[in-house]
Amino acid sequence: MKVTLSALDTSESSFTPLVVIELAQDVKEETKEWLKNRIIAKKKDGGAQLLFRPLLNKYEQETLENQNLYLVGASKIRMLLGAEAVGLVKECNDNTMRAFTYRTRQNFKGFDDNNDDFLTMAECQFIIKHELENLRAKDEKMIPGYPQAKLYPGKSLLRRLLTSGIVIQVFPLHDSEALKKLEDTWYTRFALKYQPIDSIRGYFGETIALYFGFLEYFTFALIPMAVIGLPYYLFVWEDYDKYVIFASFNLIWSTVILELWKRGCANMTYRWGTLLMKRKFEEPRPGFHGVLGINSITGKEEPLYPSYKRQLRIYLVSLPFVCLCLYFSLYVMMIYFDMEVWALGLHENSGSEWTSVLLYVPSIIYAIVIEIMNRLYRYAAEFLTSWENHRLESAYQNHLILKVLVFNFLNCFASLFYIAFVLKDMKLLRQSLATLLITSQILNQIMESFLPYWLQRKHGVRVKRKVQALKADIDATLYEQVILEKEMGTYLGTFDDYLELFLQFGYVSLFSCVYPLAAAFAVLNNFTEVNSDALKMCRVFKRPFSEPSANIGVKRGLNCKVMRNLLGEMEMSCVLFVVVVVSQLAFETMSVISVVTNCALIGMSPQVNAVFPESKADLILIVVAVEHALLALKFILAFAIPDKPRHIQMKLARLEFESLEALKQQQMKLVTENLKEEPMESGKEKAT
């Protein structure tokens with residue numbers, strides 16, 4: 001009988017494997033035994049109290065290739081206690097959302113002692129990850145067998161094992177049956193339908209579900225822009241003066257869709273319970289290093305690094321490097337314009353059909369160069385940000401994302417601003433915008449999904465042949481699955497996906513009055529993007545650990561097999577590892593910039609200039625006044641549309657009131673107990 005995740009029982013001897021730990025091939029036996037004992041030890045003894053076994057037993061290791069792979073799971077009761085420890089929020093029988101506690105488990109909707117579906121598999125894997133990360137050093141001064149791997153009290157053992165190269169990676173397993181059901185309702189049958197967001201959340205967690213929810217919402221929000229822009233493209237192509245109405249609609253549209261998304265996001269995350277989850281205190285990130293000392297705030301022993309040294313690294317090295325990269329990007333842009341001049345001159349001299357096609361070649365080459373530069377810069381930005389030695393993961397993420405966003409914005413849009421406001425060539429602007437948008441979309445589809453999928457398929461065929469060639473009397477289904485998944489790429493988080501949508505939003509909104517067809521191309525791309533991203537999540541990358549999220553914040557990790565000295569593959573818990581960088585802020589900033597650019601383009605139109613043939617100063621003042629009025633309207637709309645629906649606000653206020661009342665009752669109980677003890681103590685003193 002084949003062993004699958006769904007078929008395995010949860011007994012001590014044969015449990016459902018949820019997480020895989022891969023150790024280095026040369027790890028010493030005493031280290032393995034020490035790690036095993038710490039994982040299975042009881043909580044009161046400093047262990048994780050999880051279930052743990054090697055992928056292969058002794059007989060199987062003689063038959064199959066030993067990969068130093070270990071499976072981790074947990075009993076049902078341990079999972080429920082872990083759910084309480086991480087603060088999962090579940091729906092109660094009275095339809096309210098409350099933090100789960102094992103003592104009051106019967107009060108929660110869907111709970112039954114005989115029901116194993118109360119916690120989703122994603123939540124179970126998140127709980128196991130949380131317990132593994134919270135294995136702390138006690139009296140150990142070093143990892144057994146590795147004197148150079150120093151420990152200090154309270155240090156996360158898993159982090160130290162990852163940074164020391166003893167643990168190669170830790171990743172959650174796919175559930176083949178559940179994955180097949182999800183694929184059937186998600187992307188295998190191409191059709192225009194809503195995505196199964198709740199099913200995605202149950203399998204991958206809230207962070208991934210929110211990304212696909214936002215992708216779907218953004219795609220449908222683009223449809224009105226595409227429908228309105230189409231007649232402008234068909235009937236008034238060269239008459240830019242008539243785009244004033246379209247640009248004005250775009251300004252209101254960009255504000256309304258972001259505000260409505262906040263409301264929809266609040267509805268989803270309240271239903272999932274993540275809107276109510278509390279953030280915990282951040283600990284030092286794995287890549288942080290310094291001299292051991294006492295933290296003046298926490299009182300714990302940990303590495304300390306002077307902030308002035310970090311500031312010197314930022315301002316004397318990182319900032320000049322970023323400026324140099326920005327200068328290089330502008331230099332490449334000027335080379336692109338030289339290529340445009342050459343192609344235009346060639347076309348004017350010959351006038352043939354092939355030279356008319358040649359007019360698009362410089363833009364295509366430039367779009368490809370932009371993608372290459374963005375990817376190369378990403379590696380440099382990650383290295384620099386790690387070298388800056390930030391103590392907290394939130395600070396690391398803030399500095400990394402700032403570097404990446406600034407460069408990507410300039411690299412992708414500098415040429416369009418130059419054409420619009422320096423060259424003032426609307427025809428070239430339209431051509432460049434169309435070429436950059438379409439080329440970048442095609443490249444992203446190939447590089448992010450189809451090429452990795454093709455490589456993964458080739459690797460899968462090799463592994464299956466290797467397993468089939470083994471002369472084994474045992475079933476190797478689980479072995480084959482683990483071997484396949486451990487070689488898959490690591491999903492680095494939603495940052496790249498949101499960045500792609502952010503740049504697409506810029507192409508659509510910044511110069512909408514020049515190229516209104518951009519929204520239509522974005523809609524077509526996003527319909528295929530949903531399916532390619534779903535394929536990427538299900539078949540190309542390892543299953544990522546679930547991460548509770550309350551908004552479309554971005555989370556990004558690093559592949560521990562490539563950058564083990566910086567961070568493990570695992571995202572180190574929703575509080576410990578990530579900072580929620582609100583992508584909505586980036587989109588809102590882009591919409592503000594789009595107000596300025598569209599007003600400036602309208603002010604440059606011949607029709608508007610004809611109204612002020614002599615006084616350009618009056619024209620500039622009126623354009624600035626209109627721009628300020630539109631910005632004021634934008635902020636009024638943002639203020640008038642609440643981020644959370646009224647019923648969500650009421651429920652949150654009710655929960656806060658109940659929490660305060662419970663705290664008051666607890667305090668009153670303590671005061672009453674103290675008052676009862678005082679007369680007894682005074683009586684004893686009199687008797688003495």
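The following legends describe close-up views of a predicted model.

Residues are numbered from 1 along each chain as its sequence is written, and side-chain values use heavy atoms, with hydrogens and water left out. Because the model is predicted, local features require pLDDT of at least 70 and side-chain atom pairs count only at pLDDT 80 or more, whereas totals for chains, interfaces and linings use all residues.

**Figure 1. Overview of the chain.** The chain contains 22 helices and 12 strands; these are DSSP runs numbered from the N terminus, helices being H or I with at least four residues and strands E with at least two. Of its 688 residues, 52% count as buried, where buried means under 20% relative accessible area, exposed over 50% and partly exposed in between (1.4 Å probe, protein chains only). Among contacts with a separation of 6 or more, 74% are between residues 24 or more positions apart; a contact means heavy atoms within 4.5 Å.

**Figure 2. Packing of helices H12 and H13.** The axes of H12 (residues 361-387) and H13 (residues 393-423) come within 10 Å and cross at roughly 160 degrees. Axes are lines fitted to C-alpha atoms, for helices over the stretch in contact, and angles run from 0 to 180 degrees between N-to-C directions. H12 and H13 are therefore roughly antiparallel; angles under 35 degrees count as roughly parallel, over 145 as roughly antiparallel, 65 to 115 as roughly perpendicular and the rest as oblique. Their crossing is right-handed, a term for a near helix turned clockwise from the far one by less than a right angle, anticlockwise being left-handed. Residues of H12 in this contact include Tyr-366, Met-373 and Arg-378, and those of H13 include Lys-403, Phe-407 and Asn-411. The contact comprises 10 nonpolar, 7 polar and 3 charged residues. In this classification Ala, Val, Leu, Ile, Met, Phe, Trp, Tyr, Cys and Pro are nonpolar, Asp, Glu, Lys and Arg are charged, and the others, Gly among them, are polar.

**Figure 3. Packing of helices H10 and H13.** Helix H10 (residues 307-350) packs against H13 at an angle of about 30 degrees, with the axes 10 Å apart. The two helices are therefore roughly parallel, and their crossing is right-handed. By class, this contact has 16 nonpolar, 5 polar and 1 charged residues.

**Figure 4. Two asparagines with positive phi.** Most residues other than glycine have a negative phi. Asn-389, in the loop between H12 and H13, has a positive phi of about 65 degrees and is buried, with a relative accessible area of 0%. Asn-95 has a phi near 70 degrees and lies in the loop between strand S4 (89-91) and strand S5 (97-99). With a relative accessible area of 46%, Asn-95 is partly exposed.

Figure 5. Ser-440 belongs to H14 (residues 426-469) and counts as buried at 9% relative accessibility. Its side chain reaches the backbone oxygen of Leu-436 at 2.9 Å. Not counting residues up to four places away in sequence, Ser-440 touches Glu-371 and Tyr-507.

Figure 6. Asp-497 lies in H16 (residues 495-509) and is buried, with a relative accessible area of 3%. The side chains of Asp-497 and Tyr-491 make a polar contact of 2.6 Å. A polar contact is a pair of N or O atoms within 3.5 Å; within protein, one must be able to donate a hydrogen and the other to accept it, and residues adjacent in sequence count only if both atoms are side-chain atoms. Apart from neighbours within four places in sequence, the residues in contact with Asp-497 are Tyr-211, Glu-448, Tyr-491, Asp-533 and Lys-536.

Figure 7. His-174 is situated in the loop between strand S8 (167-172) and helix H6 (176-186) and is buried at 3% relative accessibility. A polar contact of 2.7 Å joins its side chain to that of Tyr-203. His-174 and Arg-543 are 369 residues apart in sequence, with a C-alpha to C-alpha distance of 6.2 Å. Arg-201, in helix H7 (residues 197-204), counts as buried at 12% relative accessibility. The side chains of Arg-201 and Glu-123 form a polar contact of 3.2 Å.
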